[in-house]
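Look over the sequence and the 3D view below. This briefing covers the contacts between charged side chains.

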Amino acid sequence: MDTTVTSVFCNCFRINTSNKPSQATQQKVVLDTKRMGSDCVVIKNSRRICGTGGCLANSPIAQNKAYFEIKIQYTGTWGFGLALKDCNLDEIPLGNDSKSWVYTSSGSILHNGDPKYSNLKIAEEGDIMACTYDHVELNFYLNGENLQAPVTGFKGTVYPVIYVDKSAVIDVNFCDKFYYPPPSGFQGIMMEHSII
């Protein structure tokens, strides 16, 4: 079979003839069912969290400038941000220990039990929240608008984290088809091994 015919056949049936994995077979960043609270429920291809507890993403943030979004499907008590791998995901709300930095559904940003910021805009059902992280500063966004509440002082490898309680349901999007474009230079989270 000549290479033109082979190429047409492969394109038609989306057969990958290169040594590089196709996007369909590359692993995506999603919620990690091995790193979640005991009463937490993760569904919808590991992109929705409900129940009670927290859950880390399946990959740390290793790239220089990362962005991810959440959508508030149902309100309740919830929060999102960054955490160390050994954060206790059963002790909610997160942000009350030295291993997590989160924006909470009450409009505060917590770390080590200390509200770094409070009285921030509060997200409602249907709203999109996001955060950016560049290994120096964490920023939160509500419907594309920066909340102007930067958090610094990170040490160690951090993971995206989301927690829910009291009927909250949150959808997460770590890497593609964002509702709002990431700020300049930022992009969706890449799997740690795909950066190398």
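Which residue forms a salt bridge with aspartate 114? The partner is lysine 116, and their closest N and O atoms are 3.3 Å apart. This is a predicted model. The structure holds seven salt bridges. Some of them are described here.

**Aspartate 114 and lysine 116**
- Aspartate 114 has a relative accessible area of 37%, so it counts as partly exposed.
- Lysine 116 is partly exposed too, at 38%.

**Lysine 99 and aspartate 86**
- A salt bridge joins lysine 99 to aspartate 86. The closest N and O atoms lie 3.0 Å apart.
- Both residues sit in the loop between strand E5 (77–84) and strand E6 (100–104). The pair therefore ties together parts that are 13 residues apart in sequence.
- Lysine 99 has 28% relative accessibility, which means that it counts as partly exposed.

**Arginine 35 and aspartate 32**
- The side chains of arginine 35 and aspartate 32 meet in a salt bridge, at 3.6 Å from N to O.
- Is aspartate 32 buried or exposed? Aspartate 32 is buried, because its relative accessible area is 12% and the cut-off for buried is under 20%.
- Arginine 35 has 22% relative accessibility and counts as partly exposed.

**A linked group**
- Which residues are linked in a network of salt bridges? They are Lys28, Arg47 and Asp176.
- Find Lys28, Arg47 and Asp176 in the 3D view to trace this network.

Note on methods:
Residues are numbered from 1 along each chain as its sequence is written. This is a predicted model: local features need pLDDT of at least 70, side-chain atom pairs count only at pLDDT 80 or more; totals for chains, interfaces and linings use all residues. Side-chain values use heavy atoms; hydrogens and water are left out. A salt bridge is a side-chain nitrogen of Lys or Arg within 4 Å of a carboxyl oxygen of Asp or Glu. Buried means under 20% relative accessible area, exposed over 50%, partly exposed in between (1.4 Å probe, protein chains only). Helices (H or I, at least four residues) and strands (E, at least two) are DSSP runs, numbered from the N terminus.
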